[in-house]
Amino acid sequence: PDVRIQTNKKCSVKQDEPSIVLCNHSSFIDFIYAASLIRKAEPHFIVARLYFYHDLLGWLLRSLGCFPKSMFALDLESTKNCLKVLKTGGVLAMMPEARLSTAGQFEDIQEGTYPFLKKAAVPVYTVKLSGDYLANPKWGKGPRRGALVEAELEQLFTAEEISSLSVKEIKEAVENRLYYDEFRWLESKPQLRYRNRDLAEGLENILTTCPTCGRKHCLTTRKNQIFCQHCGYLTSLDDRYGFTEDFRFQNLAQWYDWQKALLE
């Protein structure tokens with residue numbers, strides 16, 4: 001009830017035909033949004049192995065046809081399961097960024113994804129999600145009331161098309177389709193307002209450097225406010241994820257990018 005979902009099906013994923021569905025990934029529950037578009041095709045989602053260690057969640061994931069993959073490691077079991085799904089005419093659903101977006105921006109896709117797509121030589125579809133990060137960011141405490149998530153399904157390649165393309169061409173097409181910037185998307189939705197009692201709490205887990213004094217790991221949050229243990233109050237988060245008090249950065253993505261530039 002807190003989050004509205006708007007779906008747009010430009011096509012349908014056929015049952016009993018091997019195919020792959022690619023989805024961008026910036027929220028823990030993206031598979032729910034994606035499944036709302038492709039559930040009739042009974043997709044098999046690849047899910048991080050750690051979630052299968054939880055008794056109830058692991059049972060639920062298996063009952064939904066999901067199978068595990070170890071993160072940041074070669075996983076032959078997962079590869080075999082992918083091939084098994086396709087060989088039996090199933091729908092393989094992948095989130096090729098393979099991790100949650102930290103600041104609502106597109107992450108790199110693992111390079112091995114593109115040769116796999118070409119070798120599979122099956123139809124490829126995409127589910128493009130927008131607003132999912134802002135509805136429930138990885139650092140946040142629960143969903144935000146008033147949130148909107150847009151989910152769009154369309155076909156990217158036929159089996160014949162992907163067989164004729166180079167790996168480089170496949171990469172360019174996939175990244176162009178799945179690229180996202182949540183704050184740029186939000187600019188096109190001026191009516192949206194996000195409500196949560198603890199809107200800023202958890203930001204200290206990704207914003208680690210104070211832009212005023214430059215000290216690291218000194219930030220704290222309370223409700224919608226952000227503090228530095230040395231400088232005191234810094235700014236607040238408004239109901240559109242913007243910073244108040246004419247702060248140095250407009251939003252958390254700009255602050256996060258600044259931190260990455262410091263590391264580089």
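The largest pocket holds about 920 Å³ of space. A pocket here is an open set of points on a 1 Å grid over the protein atoms alone, where a 1.4 Å probe fits, with protein on both sides within 12 Å along at least five of seven lines. Lining residues have an atom within 4 Å of a point. There are 32 of them in the largest pocket, and the closest to its centre are Ile46, Ala48, Lys69, Met95 and Ala98. Strand E3 (44–48), helix H2 (55–63), helix H3 (76–87) and helix H4 (113–120) each give two or more residues to that lining. E3 gives the largest share, four residues. By type, the lining has 22 nonpolar, seven polar and three charged residues.

This is a predicted model: local features need pLDDT of at least 70, side-chain atom pairs count only at pLDDT 80 or more, and totals for chains, interfaces and linings use all residues. Residues are numbered from 1 along each chain as its sequence is written, and side-chain values use heavy atoms, with hydrogens and water left out.

Next, the second largest pocket. About 290 Å³ of space lies there. Of its 15 lining residues, Phe183, Arg184, Glu187, Gln250 and Asn251 are the closest to the centre. H8 gives the most, four residues. The lining divides into four nonpolar, five polar and six charged.

Methods: Points joined across faces, edges and corners; volume = space filled by probe spheres on them. Nonpolar A, V, L, I, M, F, W, Y, C, P; charged D, E, K, R; others polar.
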